[in-house]
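Thank you for making time this morning. Please bring up the sequence and the model, and we will walk through them together.

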Amino acid sequence: MKKNFGLASLFLVALPMLTGCGKSNPILIWVGTESQEFYQTKLDEYVANYNATNDKKFPYAIEVKGVDTGSAAATFLDDTEAGADIFTVAHDNLGKLIAGSSGISPITDTSLLAQIAADNPDTFQNVIKGKVSGTEYTFGVPYIAQSLILYYNKAYLNATDVETWEGIWAKAVTHQKQALSLTGTDGFNNSFLLLARNVADDSTSLQLYEDASFDNCFATGDDTVSKLKWGQRFFTGAYGARVPSSSGWEVELKDELSLSVIGGAWHYNAALSSLGADNLGIAILPRFTITEADAYGTSVAGTVYQSGSFTDTKMLVMKKGSTKADYLQGILKFMSSKEIQEQSFEECANLPAYKNALEEFEAMSADTMEAQLARCQTEMFSHGIPQPFGANSKFNVYYYSKGAPELIAAILQNTGNAYSTDQAILDELVVIERVWKTGNKEAA
Amino acid sequence: MPQEKNLNAESAKPQRRSKSAGAFFQKLGKGFVGFFVNIGKSLAKSWDNACERFTQGSIWTKLSHLIMGLGNLARKQIVKGCLYLLIEIGFLYIMIFSPKINGTPFGAKAIVNFFTLGTVEGDIFTVGDNSMLMLLFGVVTFGMILMFLFAYISNLKSSYKTDLDIARGKKPTTIREDWKSLLDQRFHVLMLTPAIIGILVFTVLPTVFMILIAFTNFDSAHPAGLELFDWVGFQNFRDIFNGTSEISARFVPVLAWTLVWAFFATITCYAGGILLALLINKKGIKFKKVWRTIFILTIALPQFVSLLAMRNLLSSAGPINQILINLGIIDQGIEFLGNANASQANLVRVVILLINMWIGIPYTMLMTSGILMNIPTDLFEAATIDGANKKQIFWNVTVPYIVFVTTPYLITSFVGNITSFNVIYLLTGGAPTFPGYKAGYTDLLVTWLYKLTIDEAEYNIGSVIAIFTFILTATGTLLAYRNSKAYKEEDTFQ
């Protein structure tokens, strides 16, 4: 008995050590979970086509794995050796991926570089490049675009109401509901006010790491103070905007506590589930008008601002030192091609990064909710900027993780009545600007 | 006069306490010194034994110092001898040739890398040194050397034992006899070896690795494999108290709340559990088993399910708020579990303590019920004969007995609450947030540690906090346990 027990125990101990044996080594590709099946099918076709048109067989199997693309860069950096050969990241992760000696390889294939240049808007072409040891390279291949838009409840709001925040707010007061729910107070989801631009001349004084420089951050312009004063009224006034609650925005939308929510394409399914196809409306982010109470310096009453958004691209990048490097750029070219982007939109509702998608992709002008989502996002591209954090790994950290978003949230909510004066708001904006530049709240 | 006596007794209390604390630290110091003295003695003894083996052993034992397993091979203990030889060959191969895993070498090179943490920065097309793997492989190599030393000494002992067996006219043991002995007299060795190896590999090694990270600048600015990081001594520890970062600003408040939480979470569950057990076990209470079962159901449900259910019940648009609104008690939902509004921090703290009672009390209740049913009846009889009334019996017999038996539980419960990740993470995620900082009002050291490492990749500071958490829990446990009656008077209730 003892003997059997002893041997069984040892076997059990040894078993996990044996389970890793015999694994094959395919080309591993990480894409968003929603697109896994689509890209696996397409890449199987790619391999079949390669085998049919070449003398030799494609030497690897291709395995497409669905992952959370928001955390793919962090997962990759946790263990670069175990990371995928090709993976999807938002472009603002580029800085941390190319920090030091870079964890990803630059694109060198001239035909792929030509395709990137021909198919993508200039804004995307700027954010997929980065400098390593003083030399600039192109690292990413854009293939999906995204921006924030407005989801609203059509039972209470019509298309005219959602053109302005004031329109939504007025209806909210009438119905005694909250005008807006936020999905988060992080620097991304509360950026719609900071990134707002003057409609008259499409201007803003706000600067975020322009020309990839820490010094080129500016948050203390008159218009920024004025926009935040307006925001403070919106967030603290009755039936205005509400910061994320413990219930979650989905419940607030579903229970009709709030009439609208700012979200991305990744919130679409949840918004649809909350409001249903009949009541879900989709629009670009609304405008707002500065009143006497909000005016500050040169930003006078009556100035109209268009809410802004980070208008980003998801891009495919290649692991540095991959043993299958010779085959990766061909795959990238295929996955980011116009045809595949169009099919990806039709089958997975992925907004194409392709610059003429609105005109050339038939499915984008269809009378469907998905097409409306795509059109609104595309329209938001003229009111936003790509997150300018890709050039340096610290940009992202300073902007998001050193407390600046929480300070903006505090101004908007007038936490502890500490931001009731223009000077108090301005003082905090000085701190926020310092955080963006140095990562510290206190002056050196 | 008696009043004066009382006053004297009162004033003597703090003195006694300080004496007891002094004695404790004296004892701790002695224990600390004694630990190293014992190690020294043990090493000296081992050295004597080694000398004896070398001088008294046969030529084969002497040669086993160079070629492991030779002493066994020469006596036809082929399997054992080959095993030792293979260990030596394998060890020398790894040390000399330093094979690479993920581009980072093991063996002798790993020891050098352990100190340098890499020198090759790499470029855009070539991979540079990975400081994190170098640190890890360095620790593993040191562990491997220790294990090799263990095998080396075992090889000498085995050869010398064979010498002695032969000298005594015995036959050297065969592999079959050794295996039989492992399944019989030395069964504990067979069973404990995998467990000890498991502890070394899965507990000791990661712990040592984690502690070492606290002395490096491995953070978000130095991602492993992309940028080299380096040893920085005690800089991270200094930053906790001197820096201008979030860490130094929020460490003390988070630590203070962690201790407050641990204290109240422990005491409330403990007292609540005892009261509930006393109530259920009271004479005259009907359906005792049913009541007990109902409360045990809370334990049967996975804790995270209970916590998430509570979170939904108490959310700003949840059923409880809806009921309060419908009753006209409030106009809009209360953020019981926090959002960005810092003014409600204390409310949120109280609410999570109450929820913690819901999931914690049944454990104490169950344990105390068992204790209550097993208090020796002669204690009650003796007290009754001595004329004690019910109240006196309760305070002088029942309560001391329960406290005595449950003190170790109380201590582990306190330590468990210091590292109570689930409750905080699932209920509030640390909210409400402190303006401008990641660490919120309800964050404990462990939840903050999670944010720092998983969300922020600040591994070095995370390690420092983990070390502080360990020191806190270890010291708290030791102090409380060694000063408890359960430790000092362990024979009292036997």
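Predicted model: local features only at pLDDT ≥ 70, side-chain atom pairs only at ≥ 80, totals over all residues.

Is Asn417(A) buried or exposed? Asn417(A) is exposed, with 10 other C-beta atoms within 10 Å, where a residue counts as buried if 20 or more other C-beta atoms lie within 10 Å of its own, exposed if 12 or fewer, and partly exposed in between, the C-beta atoms being placed from the backbone.

Residues are numbered from 1 along each chain as its sequence is written, and chains are lettered from A and ligands numbered from 1 in the order in which they are written.

Asn417(A) has a positive phi of about 55 degrees although it is not a glycine, and its place is in the loop between α17 and α18 (422-438) of chain A; helices here are DSSP runs of H or I with at least four residues, strands are runs of E with at least two, and both are numbered from the N terminus. Ser102(A), also not a glycine, has a positive phi of about 75 degrees and is found in the loop between α4 (94-97) and β4 (104-105) of chain A. Ser102(A), however, counts as buried, with 26 C-beta neighbours inside 10 Å.

Let me turn to the nonpolar cores, each a set of buried Ala, Val, Leu, Ile, Met, Phe, Trp, Tyr and Cys residues joined through C-beta atoms within 7 Å. The largest has 125 residues, and among those that touch the most other members are Ile29(A), Phe87(A), Ile149(A) and Val317(A). Helix α17 (residues 404-413) of chain A gives the most to this core, with seven residues. Domain 1 (27-145 + 312-385) and domain 2 (148-310 + 414-438) of chain A both give residues to this core, so it lies between them; the domain bounds come from an automatic or database domain assignment.

If we leave aside its neighbours within four places in sequence, Ile149(A) is in contact with residues including Ile282(A), Leu285(A), Cys376(A) and Met380(A), contact meaning that the C-beta atoms, placed from the backbone, lie within 7 Å. A second, separate core of 63 residues includes Met310(B), Phe414(B), Leu427(B) and Trp448(B).

In chain B, the domain assignment gives domain 1 (53-233) and domain 2 (241-488), and the C-alpha centres of these two domains of chain B lie 43 Å apart. Their contact takes nine residues from domain 1 of chain B and nine residues from domain 2 of chain B.

Two helices of chain B also deserve a look. Helix α9 (residues 235-242) of chain B and helix α19 (residues 459-482) of chain B pack at an angle of about 80 degrees, with their axes 9 Å apart, the axes being lines fitted to C-alpha atoms over the stretch in contact and the angles running from 0 to 180 degrees between N-to-C directions. In α9(B), Asn236(B), Phe237(B) and Ile240(B) meet Asn460(B), Ile461(B) and Val464(B) in α19(B).

A cis peptide bond, with omega about 0 degrees, joins Ala431(B) and Pro432(B), and Pro432(B) lies in the loop between α17 (421-427) and α18 (445-455) of chain B.

Finally, the contact between the chains takes 39 residues from chain B and 46 residues from chain A. On the side of chain B that touches chain A, the largest share, four residues, comes from helix α8 (residues 187-213) of chain B.

Notes. Contact = placed C-beta atoms within 7 Å.
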